Amino acid sequence: MTPLRLLAAAALLAGVAAPASALSITGSCGSVSGPTELDGAFSCTQFDSALGTLNSMSLEIQGSITGSITLQNNSASPQNMSGTTQVSFFAGALAGFSLASPLFTASYGTGVQSVPAGATLVFGPLNASGTTGVMLNNSNLAPYQTAGGGLFGVSRSTLSGFGISGGGGFAGGSIATSASMTAAVSYDYAVVKPPIPEPGTWALAALGLVGLGWRLRRRS
């Protein structure tokens with residue numbers, strides 16, 4: 001083998017790639033809060049396909065409610081009453097994801113209370129929360145990645161309700177409720193490390209350089 005061919009063989013051997021390295025990145029889709037009902041859309045960051053090969057992604061949505069419950073006894077005698085507030089959290093359909101509808105429901109209540117005749121009682125602040133997470137790891141990953149990154153939307157909304165138990169038919173009440181929603185995406189991907197020369201490769205390259213130097217000396 002000539003010195004030049006030795007160098008070429010060394011260069012080819014030097015291109016042995018190391019195993020792929022698994023990495024994960026997380027990005028926020030934003031958050032929203034305010035009196036119920038909430039609506040609108042999250043704006044989530046797409047995976048930058050220039051970083052590597054996307055293996056899977058997950059979406060997590062958290063929600064919480066806080067507020068007060070007012071119980072009113074309109075009778076002429078004390079009444080046992082209870083009030084409950086619940087808020088259901090929804091997200092729009094996404095390609096490849098199997099989303100429950102609603103995602104989850106958060107609720108709080110006063111418990112059973114003895115309300116005096118003609119009285120109005122306010123209970124709070126009360127709060128509750130919920131969360132859900134879904135993963136995608138099949139061919140439907142395409143909508144969530146692009147060269148250079150980008151954005152995709154996730155619609156959001158809430159639906160609140162209020163119920164009163166007891167009161168002997170003389171119960172009244174109301175609620176004041178605020179809600180918040182937060183979403184985040186996580187991407188698991190693989191990156192192929194740069195080629196790592198093996199010790200034998202370096203030896204072969206050195207041998208080629210020695211042979212090349214010897215040949216050049218003979219020509220001179």
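How many bridges join strand 4 to strand 8 (residues 120-136)? In this predicted model, 15 bridges join the two strands, which run antiparallel.

Select strand 4 (residues 53-73) next and turn to its pairing with strand 11 (residues 171-192), where the strands run antiparallel and 20 bridges join them.

Now go to the aromatic rings, where the count comes to five aromatic pairs. One of them is formed by Phe97 and Tyr144, whose ring centres lie 5.8 Å apart with the planes at 75°, so the pair is edge-to-face, the planes being over 60 degrees apart. This pair links distant parts of the chain, 47 residues apart: Phe97 lies in the loop between strand 5 (79-91) and strand 6 (104-109), and Tyr144 in the loop between strand 8 and strand 9 (145-146). Phe97 is buried, with a relative accessible area of 10%, and Tyr144 also counts as buried, at 3% relative accessibility.

Select Phe47, Tyr187 and Tyr189 together to see a cluster linked by ring pairs. Then show Arg156 with Phe42, where the charged end of Arg156 sits over the ring of Phe42, 4.8 Å from its centre.

Finish on the surface with Phe162, Ile164 and Ile175, which form a nonpolar patch with about 190 Å² of accessible area together.

Definitions and conventions:
Residues numbered from 1 in each chain as written. Predicted model: local features only at pLDDT ≥ 70, side-chain atom pairs only at ≥ 80, totals over all residues. Heavy atoms only, no water. Patch = residues over 30% accessible without salt bridge, like charges linked within 9 Å, V, L, I, M, F, W, Y side chains within 5 Å. Areas by Shrake-Rupley, 256 points an atom, 1.4 Å probe, with all protein chains shown as cover. Salt bridge = Lys/Arg side-chain N within 4 Å of Asp/Glu carboxyl O. Pairing = 2+ DSSP bridges. Helix = DSSP H or I, 4+ residues; strand = E, 2+ residues; numbered from the N terminus. Phe/Tyr/Trp six-rings, centres within 6.5 Å; stacked < 30°, edge-to-face > 60°. Buried < 20%, exposed > 50% of the residue type's maximum accessible area, 1.4 Å probe, protein only. Lys NZ or Arg CZ within 6 Å of the ring centre and 35° of its normal.
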